[in-house]
Amino acid sequence: MKLAQLRSDFAAGQVDKPRYIEQAYQDYHRQLFEYAAMLPETDIREISIDASGVVFTTRSTGVRIRCQPGDHRSPPVETFNFNDFEPRESRMMFKLFEGCSHFYDIGANIGWHSLNLAATYRHASFECFEPIPSTYQHLTGNIALNRFTNIRTHHVALAERRGAHTFYFYEACSGNASGVNLTGRPDVSEVECQLHRLDDYVAEHRLAPPDFIKCDVEGAELRVFQGAPQTLARDQPIILAEILRKWSAKYGYNPNEIFELLAGHGYRAFTSDGSKLLPFTRMTEETVETNFFFLHASRHQAQIRRFTIDE
C-alpha cells in the first residue's frame, strides 16, 4: 500500500488512528532515518523534500539536483546507491579540464557533469545539448535551481545530418534515451527530435570553440563525430566519450570506427584509473572499459606527459 492510500484510508475511517500512525512510521517514515545514516558514506551531503519534489545536494561541489520521479538510474540516485557516480572518469575529467574555458556536454541529460564542473570552474562556459523534451525541462530546472549563469542549453540532438528523427525514451532510465530502441521494450515512449551537425550548429549560433567535449549519446557517438570534422580539426578539444559495443551494434557500426575516425584527426585514446591516463588502442570482446578519453597528440602533449603512465 502506498502512503497516500494509507492516509486516504485513515481519512475515510477504514484505518484507525493507532494503526495509521504505526504503519506510516514502520513502512515509510523510518526510512528517512535510514537514508540519513547512509549519507556520510556517499558524495550526497543532503536530501531535501518539498512540495515540488526531491533534491539531492552533492558533498564535493554543493550542486543541487532535482530528481525525476520514476527514474531509478538518475545520477544522484546512482551516487547514493554506489557512493559516487563514475568516480574514475569524473576525477580525470576534473583534472583535464584545468586550463579549459569551454565545455560541450553532448547528451547532457539532467546536467550532472556540467553542473558539477561549473561549480568548480566558475570562469568557464558550458553548452548543454539534450533532445528529449522532459529531460530537457529537468536540465533547465537544475540549472535554475543552482542559479548558474554560465550554462546554456540547446534542445537538439547532434548527428551526422540535419533533420527530424524519432527518439526512444524509457522513463525509468532517462539516460538510455536514444535514436534507436536500445532496450527493445514495448513500453518506451517515442518523441520526434531535431538533429543538427555540430559544425553547422557551432557556426550558426556562434558558439565559442570547445576545449572539452563530453559525448554520451547511447550509441550515436560515431554520428556526432561524423558531423564535427571541422570542429575536431580546428579546435582539437579533449574528448570524453562513452563507447559500448552493444549500443554501437544497435546503430550498425563497429566501435573501433570511432577510434579510427579520431586517430585520423591526430587523437590518442586512453582509459583512466582516476589519477592517470592509460593508453588504449582497440576494443575487443574482452574490453570492459566503457568511457574513453581522447587527447590530441600535439595540442595536449603536456597533459599526456603529465598524466600518462608510460610517458
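Which residues does Ile 239 touch, not counting residues up to four places away in sequence? In this predicted model, Ile 239 touches Ile 213, Phe 225, Leu 232, Leu 262, Tyr 267, Phe 292, Phe 293 and Phe 294. Let's start from there and then look at a sheet and some salt bridges.

**Nonpolar cores**
- The largest nonpolar core has 36 residues, and Ile 106, Ile 239 and Phe 294 touch the most other members.
- Elements giving two or more residues to this core include strand S4 (102-106), helix H7 (198-205), strand S11 (238-242) and strand S14 (291-296).
- There is also a second, separate core of 34 residues, and Phe 293 and Val 63 are among them.
- In soluble globular proteins, nonpolar side chains tend to be buried together.

**A three-stranded sheet**
- Strands in the order S1-S2-S3 make an open sheet with antiparallel pairing.
- S1 (44-50) and S3 (64-66) are the edge strands with a single partner strand each, so one side of each has no neighbour in the sheet.
- Six bridges join S1 to S2 (residues 53-58), and Ile 47 stands opposite Phe 56 in S2.

**Salt bridges**
- The whole structure holds eleven salt bridges.
- One of them joins the side chains of Asp 105 and Lys 214, at 2.6 Å from N to O.
- Asp 105 sits in strand S4 and Lys 214 in strand S10, so this pair ties together parts 109 residues apart in sequence.
- Asp 105 is buried at 0% relative accessible area, and Lys 214 is buried at 5%.
- Another salt bridge pairs Arg 245 with Glu 285 (3.9 Å, N to O); here Arg 245 is partly exposed at 26% and Glu 285 is exposed at 63%.

Key:
Residues numbered from 1 in each chain as written. Predicted model: local features only at pLDDT ≥ 70, side-chain atom pairs only at ≥ 80, totals over all residues. Heavy atoms only, no water. Core = buried A, V, L, I, M, F, W, Y, C linked by side-chain atoms within 4.5 Å. Buried < 20%, exposed > 50% of the residue type's maximum accessible area, 1.4 Å probe, protein only. Helix = DSSP H or I, 4+ residues; strand = E, 2+ residues; numbered from the N terminus. Contact = heavy atoms within 4.5 Å. Pairing = 2+ DSSP bridges. Salt bridge = Lys/Arg side-chain N within 4 Å of Asp/Glu carboxyl O.
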